[in-house]
Amino acid sequence: MNKRIAAFLTISLIWGSMWLTQQQLPDPSTQLGFTAIVLALSAIALAVIAVCFRLPLPVKREWLASATLGVTLTAMPYGLATWASSHLSSGMSVAIAAAIPLFIGFLTETPWSARNASIVGLGGILLVVGNSIFVSLNQLPWIAVLLVGAFATAGSLVFAKR
């Protein structure tokens, strides 16, 4: 089997299992634990595929970059979003997540046309979820937590690009 097909099938299996986990477990407190289990099993599956196809092991610098990205791109934002989302309106969580491309645009030397497209996209999302956004002063700490996760995602994507 072609290596690209194997990689595509593996990634599809991982994303599909994440979707199933999130759909079957409505309680956010149980989702986090099961998501950690699914991600651990996914890492094991990727390791088995790497051994089967005799892929070379990454060097020390690649291990460090992968570990950093794993924490700052996946684990930390997901954990912060799970922790904060129960204290926020669903529209606020969606609006902050939709702002991530805009954050990336301001962290890199992105042309203004792309930044404007991000602003228009965020505006469209706000039109759709605007009725479900409720803001109060006691939500501000949770908004800050969610923004930290969004900036971690944006910064990680900028780091991965470089």
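**Figure 1. Contacts across the chain of the predicted model.** In this predicted model, residues 24 or more positions apart account for 75% of the contacts in the chain with a separation of 6 or more. The secondary structure consists of seven helices and zero strands, and the order of elements from the N terminus is α-α-α-α-α-α-α. Of the 162 residues of the chain, 27% count as buried. The accessible surface of the chain is about 10900 Å², and carbon and sulfur atoms contribute 73% of this surface.

**Figure 2. Helix α7 and its buried residues.** Helix α7 covers residues 140-161. Its 22 residues, at 1.5 Å a residue, should span 32 Å, and the C-alpha atoms at its ends are 31 Å apart, so the two values agree. The buried residues of this helix are Trp142, Ile143, Val145, Leu146, Gly149, Ala150, Ala152, Thr153, Ala154, Ser156 and Val158. An α-helix has 3.6 residues a turn, so residues three or four places apart point the same way. The buried residues of α7 pack against α3 (60-85), α4 (90-98) and α5 (100-107).

**Figure 3. Methionine 76 in helix α3.** Methionine 76 belongs to helix α3. This residue counts as partly exposed because its relative accessibility is 32%, a value that falls between the limits of 20% for buried and 50% for exposed. Methionine 76 and glycine 149 are 73 residues apart along the chain, yet 6.6 Å separates their C-alpha atoms. Apart from neighbours within four places in sequence, methionine 76 is in contact with Val71, Val148 and Ala152. Ala152 is also among the buried residues of α7.

**Figure 4. Helix α4 and the helices around its buried residues.** In α4, the buried residues are Gly91, Met92, Ser93, Ala95 and Ile96. These buried residues pack against α3, α5, α6 and α7.

**Figure 5. Serine 132 in the loop between α6 and α7.** Serine 132 is located in the loop that joins α6 and α7. Its relative accessibility is 24%, and serine 132 therefore counts as partly exposed. Not counting residues up to four places away in sequence, serine 132 touches Ser89, Ser90 and Gly91.

**Figure 6. Glutamine 139 in the loop between α6 and α7.** Glutamine 139 also lies in the loop between α6 and α7. With a relative accessible area of 11%, glutamine 139 is buried. A polar atom of the glutamine 139 side chain lies 3.4 Å from the backbone oxygen of phenylalanine 134. When neighbours within four places in sequence are left aside, the contacts of glutamine 139 are His87, Leu88, Ser89 and Phe134.

**Figure 7. Arginine 115 in helix α6.** Arginine 115 is placed in helix α6, which comprises residues 112-129. This arginine is buried yet has no salt bridge. The nearest side chain of opposite charge belongs to glutamate 109 and is 7.7 Å away, whereas a salt bridge requires the charged atoms to be within 4 Å. A polar atom of the arginine 115 side chain does lie 3.0 Å from the backbone oxygen of glycine 105. Not counting residues up to four places away in sequence, arginine 115 touches Leu102, Gly105, Phe106, Thr108, Glu109 and Thr110.

How values were computed: Residues are numbered from 1 along each chain as its sequence is written. This is a predicted model: local features need pLDDT of at least 70, side-chain atom pairs count only at pLDDT 80 or more; totals for chains, interfaces and linings use all residues. Side-chain values use heavy atoms; hydrogens and water are left out. Helices (H or I, at least four residues) and strands (E, at least two) are DSSP runs, numbered from the N terminus. Buried means under 20% relative accessible area, exposed over 50%, partly exposed in between (1.4 Å probe, protein chains only). Lys and Arg count as positive and Asp and Glu as negative; His and the chain ends are not counted. A polar contact is a pair of N or O atoms within 3.5 Å; within protein, one must be able to donate a hydrogen and the other to accept it, and residues adjacent in sequence count only if both atoms are side-chain atoms. Contact means heavy atoms within 4.5 Å. Accessible areas come from the Shrake-Rupley method with a 1.4 Å probe; for residues, only the protein chains shown count as cover. The expected span of a helix is 1.5 Å times one less than its number of residues.
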